[in-house]
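My entries follow the order in which I looked.

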Amino acid sequence: MNDDHSADTDAEEATLGRIETEVALLMRFGEATRRATGTAEHRVLDRAAYVILRHLADAGPQNVSALAARLNLDGSTVTRQVSALQRDGLITRTPDPSDGRGTVISPTPAGLQRMAAVQAARTRLYGDMLADWSVEDRTTLAALLGRLNQALINRNRPG
């Protein structure tokens, strides 16, 4: 029984090691692909701006604290990024209806347009890269990546 448990533990450690390596490679190759993709559509937003605009488009107007918590970033970092987005006319600040002292951030039509252009370009890129994958494999990949991201969110959530 002990040998079976030891073999199971060894197999699990090997699997976790493979996952660690594959995630590291995914991040590396993903970044290399992003840099190498020279189309203007991919370049209209930096990564931070894209993530903020995607979240605002999905979740609706947010204050900086909620945005920082959702993206697992420091409030000062988000404030800096939001200021740059506002300067570029991609987001707007309006008084927070639930707290008149604060503000909420919303994407502007220009911000949504740029975000949609990047999203469409990325969708085409993944469509090309995964063209020879079955629908089932792509669906499974999407589900597993969603679960991985949720696990990362849960792991990094304060408290």
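I looked up which elements line the largest pocket, and found that helix H1 (2-36), helix H3 (47-59), helix H4 (64-71), helix H6 (109-129) and helix H7 (135-156) each supply at least two residues; helices here are DSSP runs of H or I, at least four residues, numbered from the N terminus. The largest share of that lining, twelve residues, is from H1. I kept in mind that this is a predicted model, in which local features need pLDDT of at least 70 and side-chain atom pairs count only at pLDDT 80 or more, while totals for chains, interfaces and linings use all residues. Residues are numbered from 1 along each chain as its sequence is written, and side-chain values use heavy atoms, with hydrogens and water left out.

I noted a volume of about 2800 Å³ for the largest pocket, a volume being the space filled by probe spheres set on grid points joined across faces, edges and corners. A pocket is an open set of points on a 1 Å grid over the protein atoms alone, where a 1.4 Å probe fits, with protein on both sides within 12 Å along at least five of seven lines, and lining residues have an atom within 4 Å of a point. The lining has 49 residues, of which Leu26, Met27, Tyr126, Leu145 and Asn149 lie nearest the pocket centre.

I then searched the whole structure for salt bridges (a side-chain nitrogen of Lys or Arg within 4 Å of a carboxyl oxygen of Asp or Glu), and the search gave one. Asp58 pairs with Arg54, with the closest N and O atoms 3.8 Å apart, and both lie in helix H3, four residues apart, about one turn of the helix.
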